[in-house]
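Welcome! Below are a few exercises with worked solutions. Have a look at the model first, then try each task before reading on.

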Protein chains: 2
Amino acid sequence: MSAKVEKILERLQTTNTLDDLQSLIEHIRDTYDTEHVVYHSVSGSGQQYGALTYAPEWVDYYLEQNYTRLDPVVLGAIKQFNPMDWKRLDWNTPTKRNFLGEAISAGLGNQGYSVPIRGPNGQFALFSVNMDMNDDRWAKFTNERASDFLLLSHYVHERANRITGETDSFTMRDLSPREHDALAFLGMGEARSRIAEKMKISEHTLRVYIDSARFKLGAANTTHAVALAVSRGVVVL
Amino acid sequence: MSAKVEKILERLQTTNTLDDLQSLIEHIRDTYDTEHVVYHSVSGSGQQYGALTYAPEWVDYYLEQNYTRLDPVVLGAIKQFNPMDWKRLDWNTPTKRNFLGEAISAGLGNQGYSVPIRGPNGQFALFSVNMDMNDDRWAKFTNERASDFLLLSHYVHERANRITGETDSFTMRDLSPREHDALAFLGMGEARSRIAEKMKISEHTLRVYIDSARFKLGAANTTHAVALAVSRGVVVL
DNA sequence: CCCCGCCTCCCCATTTATGGGGAGTTATAA
DNA sequence: TTATAACTCCCCATAAATGGGGAGGCGGGG
């Protein structure tokens, strides 16, 4: 582990409030001498939290415009396992180009690197660094620090979860095997009649399982139950 | 980064087949002088792959008994973000105790440490080390190597994905904003009538969006479409 | 032993979703 | 300009899901 990470992790131990986290993020920015550092988390229940060094006006504007829906960094990160360089993302639509222009006007550098972080319950977070640099130096910069950023993203996320009270482990009445199977089949697009056949039970019984799974998950209808189960990783498609 | 990790990552560069990966896992076991090392992955589409040092009979028996359903390590890991010590898991049911007894008979050590790994599309994997050791030494052992295991789990998973051909990023015809919104509302459990109200369109129009989203996603029905969209991260609940 | 949760089966009536048609506007890209 | 795709609205008939009942067997934990 690099000395830089070690020092940051030490400081992380005493990070106990959102303000601490904010200044830790700024500390990371200073340590790595980048323009910006961003930590942004979306929990399974839709609650968002971020600690970042962008200009507040840009953050407000971004949220106002609902840019999560079209920001290539977010859209790309959700579909990837590996950390990614912003250059390799798809910027080839007018709206995205426009977004890029606005971002740069807001003081963002031309280079970016983001680490996707996934937790239970469909929790998703991003740890990004951003700065102005030419391509060659940037490639070297990110390459040498890839492991640092990986570790930092993990520990920062863990700490943020602890501070915001996101429970690390998940409390939900567990689904019974049959309920689980029923939701899994539903998620695969099977019709009730076929699921009943496959599970070798009557369609009536199947209904009981779907209903009780719905109840346990607090879902309004079957689609909702399946969506919750999938997003929480209870059923894997 | 520790020298050990560095050497393993170097070797990882030339790991190009499943056999290579198997021997890499054995190499990790030897490097850290543990009893066992396990990498086990379940892709979004349900395909499983593992590279591990357990006795083949135990692996076969485990799969045969469908022990993923009750193995506290798996059940615990799915609900956690942090790596975990096996001691802290719930072993307090007869079936689980029985499982533990069988595992130890099969040559597993009394101590274990597992790192959960999550990828896009509901991909989930585990990287575990196992050995015989007393509690104090084990606590020290895992504590000192926590970062190593974190990095190893990431890079091993990435490599395994590459070898098994799991696509890192997903190509799919993009959903239009209205289609996206429709699926998002459906995932939140709203009924069509209310969604139409919220989107300020007629229910007929809403149907057109749901249908075209279904078509684009290749889904059999609405529930399927929502499940796919959620599991692929196209819509975030 | 008893309770609780799981598993299984059935009925009725109502609401909702789906299948299969058609049609017009607007904006953007080739 | 001419597609192409997104966005909007409508009808009819059938299939599927939901709400609200009830009931019995089986196994594990307190």
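**Exercise 1.** Which residues does A:His224 touch, not counting residues up to four places away in sequence?

*Solution.* A word on the model before we start: it is predicted, so local features need pLDDT of at least 70 and side-chain atom pairs count only at pLDDT 80 or more, while totals for chains, interfaces and linings use all residues. Residues are numbered from 1 along each chain as its sequence is written, chains are lettered from A and ligands numbered from 1 in the order in which they are written, and side-chain values use heavy atoms, with hydrogens and water left out.

Step 1: find A:His224 in helix H10 (residues 222-231) of chain A. Helices (H or I, at least four residues) and strands (E, at least two) are DSSP runs, numbered from the N terminus.

Step 2: list the contacts, meaning heavy atoms within 4.5 Å. In chain A, A:His224 touches A:Gly218 and A:Ala219; in chain B, A:His224 touches B:Leu186, B:Gly187, B:Met188 and B:Gly189.

Step 3: check the accessibility. A:His224 has a relative accessible area of 12%, so A:His224 is buried. Buried means under 20% relative accessible area, exposed over 50%, and partly exposed in between (1.4 Å probe, protein chains only).

**Exercise 2.** Find the domains of chain A and say how far apart their C-alpha centres lie.

*Solution.* Domain 1 covers 3-164 and domain 2 covers 177-231; such bounds come from an automatic or database domain assignment. The C-alpha centres of these two domains of chain A lie 37 Å apart.

**Exercise 3.** Work out the strand order of the open sheet in chain A, and follow strand E1 through it.

*Solution.* Step 1: the 5 strands run in the order E2-E1-E5-E4-E3, with antiparallel pairing. Two strands pair if DSSP finds at least two bridges between them. At the edges, pairing on one side only, are E2 (48-52) and E3 (84-85) of chain A.

Step 2: look at the neighbours of E1(A). With E5 (residues 124-131) of chain A, E1 (residues 36-42) pairs over 7 bridges; A:Tyr39 has A:Phe127 as its bridge partner there, and A:Val37 stands opposite A:Val129. With E2(A), E1(A) pairs over 5 bridges, and A:Ser41 stands opposite A:Tyr49.

Step 3: ask how covered E1(A) is. In E1(A), 7 of its 7 residues are buried. One side holds A:His36, A:Val38, A:His40 and A:Val42, and the other holds A:Val37, A:Tyr39 and A:Ser41.

**Exercise 4.** Sort the residues of helix H1 (residues 3-12) of chain A into buried and exposed ones.

*Solution.* Step 1: A:Val5, A:Ile8, A:Leu9 and A:Leu12 are buried. They lie on the same side of H1(A) because they cover an arc of only 100° around the axis; the arc is that of the directions from the helix axis to the C-beta atoms.

Step 2: A:Ala3, A:Lys7 and A:Glu10 are exposed on the other side of H1(A).

Step 3: the buried residues of H1(A) pack against helix H2 (18-32) and H6 of chain A.

**Exercise 5.** Which residues of helix H2 (residues 18-32) of chain B are buried?

*Solution.* The buried ones are B:Leu21, B:Leu24, B:Ile25, B:Ile28 and B:Tyr32. Turned away from that buried side, B:Asp19 and B:Asp30 are exposed. Just after H2(B) comes B:Asp33, with a positive phi of about 55°.
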